[in-house]
Amino acid sequence: MQTGPHAMVELSHQQIERFIADGFVRIDAAFPRALADEGRAILWRDTGMDPQDPKTWTKPVVRLGMYGQRPFADAANTPVLHSAFDQLVGRGRWQPQKALGTWPVRFPSPDDPGDAGWHVDVSFGTENPDFMSWRVNVASRGRALLMLFLFSDVGESDAPTRIRAGSHLDIARQLAPAGEPGLTLRELAANGFAETAHRPQVLATGESGTVYLCHPFLVHSAQPHRGTRPRFMAQPPLLPTEPLRLDREDGESSPVEQAIRAALRRDP
């Protein structure tokens with residue numbers, strides 16, 4: 001998929017089917033490289049490090065907050081992405097992005113970044129200061145999608161996010177018995193996400209401007225940076241305007257909902 005005057009602005013049927021089965025879709029050139037270049041200049045300034053001097057890259061990861069300046073807002077609101085949100089979540093069921101964040105900026109380093117465990121992104125109960133007590137439920141309260149925005153070129157050595165393809169189905173089955181209260185991240189991670197260990201691993205690589213749109217239950221992980229170029233990636237949620245519903249008629253059910261329903265129809 002490309003941006004620009006000849007952009008293909010819809011996901012294909014095959015892409016949607018793969019999203020339901022694998023839990024993610026990769027969109028190349030989802031936003032222009034020029035926006036990534038502008039945004040990266042802002043982020044470099046806030047890291048306190050010098051892009052031209054690797055000696056100043058003294059930490060394996062620097063976490064930056066929310067950014068709503070023009071390059072970030074424009075990158076998150078291209079026609080390609082809006083169309084994909086409509087197709088995956090449902091027209092009128094998602095909130096436009098006003099900002100991108102948070103940003104785990106990863107630098108080449110022999111040190112352990114300290115955050116490279118498998119996890120899902122939890123979405124409510126975040127008022128609790130203990131992030132391991134934050135929660136997620138089978139209706140994915142508070143989150144419609146997990147998104148990965150690449151603001152730098154990311155190769156296999158550049159600490160790409162690791163994805164367990166299809167793991168969203170395992171998590172849906174784990175969450176279903178917990179009902180509306182859901183489970184905490186501590187409960188989900190108690191066995192190290194062993195129920196997803198059999199899933200194939202995919203690396204979220206791509207050129208600057210690539211976006212991965214992921215099911216909110218997808219199990220993923222950071223990893224140490226063994227390359228030479230710092231990696232700039234935002235991982236914002238797409239927020240819903242209404243709760244997911246697993247009882248919609250087939251013609252009204254979104255692919256996010258269809259994936260959960262498919263998981264619950266099958267034995268683990």
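1. Let me start just after helix α1, where Gly23 takes a positive phi of about 95 degrees. Helices here are DSSP runs of H or I with at least four residues, strands are runs of E with at least two, and both are numbered from the N terminus. Keep in mind that this is a predicted model: local features need pLDDT of at least 70, side-chain atom pairs count only at pLDDT 80 or more, and totals for chains, interfaces and linings use all residues. Residues are numbered from 1 along each chain as its sequence is written, and side-chain values use heavy atoms, with hydrogens and water left out.

2. Staying with α1 (residues 13–22), the buried residues are Ile16, Phe19, Ile20 and Asp22. Buried means under 20% relative accessible area, exposed means over 50%, and partly exposed is in between (1.4 Å probe, protein chains only). The cover over these α1 residues includes β1 (24–27), α4, β5 (145–150), α5 (167–175), β9 (211–214) and α7 (255–265).

3. α5 is mostly covered, with eight of its nine residues buried. Those are Ser167, His168, Leu169, Asp170, Ile171, Ala172, Arg173 and Leu175. They pack against α1, β4, β6, β7 (183–184), α6 (185–188) and α7.

4. Now the nonpolar cores, meaning sets of buried Ala, Val, Leu, Ile, Met, Phe, Trp, Tyr and Cys residues joined through side-chain atoms within 4.5 Å. The largest has 62 residues, and Phe31, Trp103, Leu145, Phe149, Phe151 and Leu213 have the most contacts inside it. Helix α4 (residues 79–89) gives the most to this core, six residues. Another core, of twelve residues, lies apart from it, with Leu148, Leu150, Ala165 and Tyr212 among its members.

5. On the sheet side, have a look at the open three-stranded sheet, which runs β8-β6-β10 with antiparallel pairing. β8 (201–203) and β10 (220–221) are the edge strands with a single partner each, so one side of each has no neighbour in the sheet. Pairing requires that DSSP finds at least two bridges between the strands. β6 (residues 162–164) and β10 are joined in the antiparallel sense by two bridges, and Ile163 stands opposite His220 in β10.

6. His225 deserves a look too: it sits in the loop between β10 and β11 (233–234). It counts as buried because its relative accessibility is 4%. Its side chain reaches the backbone oxygen of Arg229 at 2.6 Å. Leaving aside neighbours within four places in sequence, His225 is in contact (heavy atoms within 4.5 Å) with Arg106, Phe107, Pro108, Ser109, Ser157, Asp158, Ala159, Pro230 and Arg231.

7. One of those contacts, Ala159, has a positive phi of about 55 degrees although it is not a glycine. Ala159 is in the loop between β5 and β6 and is buried, at 0% relative accessibility. Ser140 is another non-glycine residue with positive phi, near 50 degrees. Ser140 belongs to the loop between β4 (135–136) and β5, and is buried with a relative accessible area of 2%.

8. Last, the largest pocket: its volume is about 840 Å³. A pocket is an open set of points on a 1 Å grid over the protein atoms alone, where a 1.4 Å probe fits, with protein on both sides within 12 Å along at least five of seven lines; lining residues have an atom within 4 Å of a point. The lining has 31 residues, of which Arg63, His119, Asp121, Trp134 and Gln235 lie nearest the centre. β3 (103–106) and β10 are the elements that give two or more residues to that lining.

Conventions. A polar contact is a pair of N or O atoms within 3.5 Å; within protein, one must be able to donate a hydrogen and the other to accept it, and residues adjacent in sequence count only if both atoms are side-chain atoms. Grid points are joined across faces, edges and corners, and a volume is the space filled by probe spheres set on the points.
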